[in-house]
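Here is a short report on selected features of one protein model. Have the sequence at hand while reading.

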Amino acid sequence: MSLQRQDSFEIFPEGLKSNLFSAAGAQWHRVRHLMTPTFSSGKLKLMDAHINKCSVQLINNIEKAIDKGERVDVKKVYGAFTMDVIAQTAFGIEINSQEDLNHPFVKSATLLVSFVSSNAWYRVVLMAMPCLMPVVKFLVTYVFKQQGWTPFSETVQCIMQQRKSEGKSAQKHTDFLQMILDHEENEKPENGRLKSLSEAEVLGQATVILLGGFETTATTLQFLSYNLALHPEIQEKVVQEIKDQLGDGDVTYEDVAKLKYLDKVIHETLRMYPPLNIINRLASETVTIKGVTIPKGAGVLIPIANVLNDPEYFPEPDKFIPERFSEENKGSRNPISLLQFGFGPRICIGMRLALLEMKIAMVYVLRRVKFIKTDDLQGRIRIRPGSLVSGPERPIMIKAVLRE
Ligand code: HEM
């Protein structure tokens, strides 16, 4: 049986309706096909310089907290880091969002992210009961308003206009927006089918890069730092790998591929705490699984977090064991149980970007800083369910010291 995502996003304004999360059927195929090269390894290699710059700001922000004798509010520092990375890699804007709270990009992006997160309930309702679409659409449009969308789309439109006015010289920019705009320039319609993205679609993709890339990655970095504080021996093993494999300078795309143990540590963190814990599909045919019949057309919710914490696939799921992701263990497991980034043709398009940025960030942080195991670290953290991205119930504050 093949399952497809249902189209439960009719409530979005035009630009957002065409983004990868919300597009359906033929429209999704076309947009995904056009967006895939943007996240290829060739393009990501152009991003490592941006990510290095943001990692320097990240470690400066962490050191400031240490200098003041404070614990590190990991949500805050990593949230600022992923916002800086998105601003630079996607839109070519250099900011330090922990300092520049009034920058128009930071203000409009923060508004959009909090608007979408706080209204995530309607997606859950629609995934389970698509027939409620008219009611939810009415509520979101007239009662809750779409106030988050407009300022951000205006900011992006402004950058797009500026790039267009720069003409050919705009091609010097190496951010995602420019890659998508170059696409718009280069592609010609084929057999009457538009091969490029329309302006509304470019806006939609810009938004999906912000929404997909900001909180998921910041949340994972939070839990990663928490797991490293709780398991000092694993933290030191990562530090040793960084010393053995890399020099002291910038971290390149190729360097990151050498950090095999860090890769396992990140995947094990994502297994315990997947930031997106449910994905949805439409049953494309009637099928019976373990005596339960799912009729064709039914919406199916796939609880990623439950699968990733099922002892049938991951024995002792509450334990942090990076070796679960060694080559031999990976090979002997049902590949469909590895759902951190989803599975199949709809697998997360930003997966490689997310892994690249998380690894570069950790190299910078662990070269300078040691996370300390304190008595109040409680083992398994409770997750706040029901929001778009699942984070901890309370902010995680970690004690850190500078390494000698
Ligand atoms: C730790 C970080 C991340 C995690 C855990 C994550 C996880 C996921 C998951 C579980 C899905 C659903 C896949 C499915 O339905 O099978 C998804 C889809 C998606 N993600 Fe991510 N993601 C992350 C980072 C990113 C980043 C950095 C971006 C973009 C810059 C991004 C963009 C997207 C998009 C556009 C989709 C929809 C793809 C489609 O429907 O074709 N994600 N992600």
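The model is predicted.

## Helix α4 against helix α5

Helix α4 spans residues 48-67, and helix α5 spans residues 74-91. Their axes come within 9 Å. They cross at roughly 160°. An angle over 145 degrees counts as roughly antiparallel, so α4 is roughly antiparallel to α5. The crossing of these two helices is right-handed.

Which residues of α4 meet α5? On the α4 side they are H50, I51, K53, C54, Q57, L58, N61 and I62. On the α5 side they are V77, A80, F81, D84, V85, Q88 and T89. By class, the contact of α4 with α5 holds 8 nonpolar, 5 polar and 2 charged residues.

## Helix α5 against helix α11

Helix α5 also packs with helix α11, which covers residues 199-213. The angle is about 155°, and the axes lie 10 Å apart. With the cut-off for roughly antiparallel at over 145 degrees, α5 and α11 are therefore roughly antiparallel to each other. The crossing of α5 with α11 is right-handed.

From α5, the contact uses T82, I86 and A90. From α11, it uses A206, I209, L210 and G213. The residues in this contact of α5 with α11 divide into 5 nonpolar and 2 polar, with no charged residue.

## Cysteine C348

C348 is listed by UniProt under "binding site", in an unreviewed entry. Such an annotation may be inferred rather than shown by experiment. C348 sits in the loop between α17 (327-331) and α18 (351-368).

Leaving aside residues up to four places away in sequence, C348 touches F341 and G342.

## Aspartate D244

D244 belongs to helix α13, residues 232-245. How does D244 count, buried or exposed? D244 counts as exposed, because it has 10 C-beta neighbours inside 10 Å and the exposed class takes 12 or fewer.

K258 is 14 residues from D244 along the chain. The C-alpha atoms of D244 and K258 are separated by 9.8 Å.

How values were computed. Residues are numbered from 1 along each chain as its sequence is written. This is a predicted model: local features need pLDDT of at least 70, side-chain atom pairs count only at pLDDT 80 or more; totals for chains, interfaces and linings use all residues. Helices (H or I, at least four residues) and strands (E, at least two) are DSSP runs, numbered from the N terminus. Two residues are in contact if their C-beta atoms, placed from the backbone, lie within 7 Å. Axes are lines fitted to C-alpha atoms, for helices over the stretch in contact, and angles run from 0 to 180 degrees between N-to-C directions. Angles under 35 degrees count as roughly parallel, over 145 as roughly antiparallel, 65 to 115 as roughly perpendicular and the rest as oblique. A crossing is left-handed if the near helix is turned anticlockwise from the far one by less than a right angle, and right-handed if clockwise. Ala, Val, Leu, Ile, Met, Phe, Trp, Tyr, Cys and Pro count as nonpolar, Asp, Glu, Lys and Arg as charged, and the others, Gly among them, as polar. A residue is buried if 20 or more other C-beta atoms lie within 10 Å of its own, exposed if 12 or fewer, and partly exposed in between; C-beta atoms are placed from the backbone.
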